[in-house]
Amino acid sequence: MLNDNPIPANTLANDMANDLRVGDPLPIFDFEVSAAQVFMYSAITWNRHQIHYNQAQARAEGHADIVVQRGLLGNLLVRYINSYFDNIYIETLAWKVVSSLTPGQVIQCTASVIDISGSGWQQALRLHLSLKHKERLICDASAAIRGRHRADVLVPYNWGSEGV
Amino acid sequence: MTFNGAPVKEFSYLVTARDIRRFAQAIGDTNPLYQVADDDLAKDDDRMLAPALFCQAMAYQDLPIEALPADLAPAELTISVPGLRSVGGASHYEFYQYVRAGDKIRIRSCIESVTEKQGRTGLLFLVSVTTCFTNQLGEPVAKEVATYVKR
């Protein structure tokens, strides 16, 4: 879960242009993934890989406990970005899992700005992000984001009752 | 080891608001946008937007368990390398547009490469899988290049 620190959301097209500079660190968030969340994520993705729910199998493969999915870690990064920036569109997100995370371990998400391009509604940012448990790096990541345009949320086509 | 780009899986997925609600709950995203009831969506004739990584919910096929490897890892990892254990290593997503409830998404995955590497505990095989997601209009929605580690 996100920690309770109130962090103001920034609208990329407005606040960000004035407030952020390359190299600026963003606020730190804490997450804790529960075993129930790992189960729910396996279920909704229909990922039946045993290391995500079978403790004996996970240990037999050298993990300390069941393993938090790579995909779920990516979603923590998305939640972090969306918690800090309001009204943005994520264009790319890349992350590499460096070591296994198990449920119940608190992880800290940190980020910094590595590039700013454009201005006004065309402004875009590149971020470097990481997830750590204590001093152990779990995941190293980067993202490209921009202000959300009206066209991003338009319905491309109304299926109506035609079905698929 | 290189591959010819032939798909290892290709199928369609009809996205529902229920899928999106469940995905949001699974990833711990409490944004009320994702929790609108089906009845309320119908009143507004609107279609719920999905979280950025919702494509993950569509990426694995509904294969019978017998069709999976022994460790029940995703079926695309059933490739002939010595490694028996696998784990997700990395993902690179490009997002082209939002997925919405009602979209019919076409999913197509190819194995791009298998690279041998010497790890701390022995030989590793990095399996690179590209998955493209397109909508009912044939428009690209997202692309993922995922790397799995087999050892």
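This is a predicted model: local features need pLDDT of at least 70, side-chain atom pairs count only at pLDDT 80 or more; totals for chains, interfaces and linings use all residues.

Me: How many bridges join strand S1 (residues 7–14) of chain B to strand S3 (residues 104–119) of chain B, and what makes two strands a pair?

Reply: Seven bridges join S1(B) to S3(B), and the two run antiparallel. Two strands pair if DSSP finds at least two bridges between them, so seven bridges make this a pair. Residues are numbered from 1 along each chain as its sequence is written, while chains are lettered from A and ligands numbered from 1 in the order in which they are written.

Me: What links S3(B) to strand S4 (residues 122–134) of chain B, and how many bridges do they share?

Reply: A hairpin does, through two residues. S3(B) and S4(B) share 13 bridges in the antiparallel sense, and B:Arg108 stands opposite B:Cys132 of S4(B).

Me: How do you know which strands stand at the edges of the sheet?

Reply: The open sheet has 10 strands in the order S2(A)-S5(A)-S6(A)-S7(A)-S4(A)-S2(B)-S5(B)-S4(B)-S3(B)-S1(B), with antiparallel pairing. Strand S2 (25–32) of chain A and S1 of chain B each have a single partner strand, so one side of each lacks a neighbour in the sheet. From one strand to the next, the twist averages 20°.

Me: Where do chains A and B meet in that sheet?

Reply: At S4(A) and S2(B), which follow one another in the order. Five bridges join strand S4 (residues 88–97) of chain A to S2(B), and these run antiparallel. A:Thr92 faces B:Glu94 there.

Me: What makes a residue part of the contact between the chains, and how many residues does chain B give?

Reply: Two residues are in contact if their C-beta atoms, placed from the backbone, lie within 7 Å. The contact takes 41 residues from chain B and 36 residues from chain A. On the side of chain B, helix H1 (17–27) and strand S2 (86–95) are the elements that give two or more residues. S2(B) supplies the largest share, nine residues.

Me: What does "across" cover for helix H4 (residues 70–84) of chain A?

Reply: H4(A) lies across S2, S4, strand S5 (106–117), strand S6 (124–133) and strand S7 (136–147) of chain A together with S2 of chain B. The helix runs at about 140° to S4(A); such angles run from 0 to 180 degrees between N-to-C directions, with axes fitted to C-alpha atoms, for helices over the stretch in contact.

Me: Why is a residue called buried, and what percentage of chain A is buried?

Reply: A residue is buried because 20 or more other C-beta atoms lie within 10 Å of its own (exposed means 12 or fewer, partly exposed in between, with C-beta atoms placed from the backbone). Buried residues make up 34% of the 164 residues in chain A.

Key
Helices (H or I, at least four residues) and strands (E, at least two) are DSSP runs, numbered from the N terminus.
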